[in-house]
Amino acid sequence: MKFSLFIVTILLAGMAEAHGGSEEPGKAHLLDILGGGLLAISWLLYLAGTKRIPATFQQKWLFHGASLAAILIILASLHGWMDRSAAWHMAEHMWLMTLIVPLYLLSRPLPQWLAVSGRVGRKLFKSLFYLTRNPIQAAFIHAIAIWLWHMPGFYNSALIHPGWHFTGHACLVLSASIFWWSVLSHRNSAAFLALLLTMMHTGMLGALLTFSHTLLYLDAHDLQDQQLAGLIMWVPGGLPYLVAGVWFSMNWLKRNASG
């Protein structure tokens, strides 16, 4: 508990320092400030919730691990690392969608959040739960967000306008949450198919960028940088879907063998 509060304090201090040193603080770090603030609030709510509804040791460390991974993204962005190239930016997107979001969901923080968020929290999560009832539907929602925000028009608008940047990341994270929530909750043939379809279409998008001979993104320093971004989405970005699919298959085989 004390360690987590210390980390949250460091995060907020780092955000304040970066905000104060920016030439255009209202624009340059809007995404980082909002994202960091939301992360700090969700973390503090979780810590308060664990006082009412205890979580297991594994659940706590999955949640804290996901939060620490999110802090790395925010700090890297505050220092401009994610603005250096399209490849770095793509790595950020895949880190958010295929690592941080699944870790949060595996930690099962909903009881702790609901314990302190009351009626507002229940209404919010009830709406999200409705979208997770069908893994294929959830995969379709996630696919729309991925393809939309990686289209040159939307992607480049997000690079220019911090408000669009925050909106784009919020859409990617929210759709990934719906997708992984549905897949991890059902763990059936539909969930396996949703994983397969997501791995295929993200791989297709990554391949299109990898073999493109035209610069599409404003943050791409050169064609090789953009192709590397596509390769990141295509290969390492597809591994989490593959690992989850193999895990589901092994569990399915075990259930059949025991039955």
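Start by selecting Tyr-46, Phe-63, Tyr-104, Trp-113 and Phe-125, which ring pairs link into a cluster; here the rings of Phe, Tyr and Trp (its six-membered ring) pair if their centres lie within 6.5 Å, and planes under 30 degrees apart count as stacked, over 60 as edge-to-face and the rest as tilted. The model is predicted, so local features need pLDDT of at least 70 and side-chain atom pairs count only at pLDDT 80 or more, while totals for chains, interfaces and linings use all residues. Residues are numbered from 1 along each chain as its sequence is written, and side-chain values use heavy atoms, with hydrogens and water left out.

By the ring rule, the count comes to 14 aromatic pairs. Keep Tyr-46 and Phe-63 selected, because their ring centres are 3.8 Å apart and their planes stand at 15 degrees, which makes the pair stacked. Tyr-46 belongs to helix α3 (residues 30-52) and Phe-63 to helix α4 (residues 57-78), so that this pair links distant parts of the chain, 17 residues apart, where helices (H or I, at least four residues) and strands (E, at least two) are DSSP runs, numbered from the N terminus. Tyr-46 is buried, with a relative accessible area of 1%, and Phe-63 is also buried, at 0%; buried means under 20% relative accessible area, exposed over 50%, and partly exposed in between (1.4 Å probe, protein chains only).

Next, select Tyr-155 and Tyr-217, an aromatic pair that is stacked, with 3.8 Å from centre to centre and 20 degrees between the planes. Because Tyr-155 lies in helix α8 (residues 152-160) and Tyr-217 in the loop between α10 and α11, the pair ties together parts that are 62 residues apart in sequence. Tyr-155 is buried, with a relative accessible area of 4%, and Tyr-217 is buried with a value of 4%.

Stay in the loop between α10 and α11 (223-234) and select His-213, which lies there. His-213 is exposed, with a relative accessible area of 69%.

Phi of Arg-187 is near 50 degrees, a positive value in a residue other than glycine, and Arg-187 is partly exposed, with a relative accessible area of 29%.

Finish with Arg-108, found in the loop between α5 (86-106) and α6 (110-131). Its phi, too, is positive and near 50 degrees in a residue other than glycine, and Arg-108 is exposed, with a relative accessible area of 51%.
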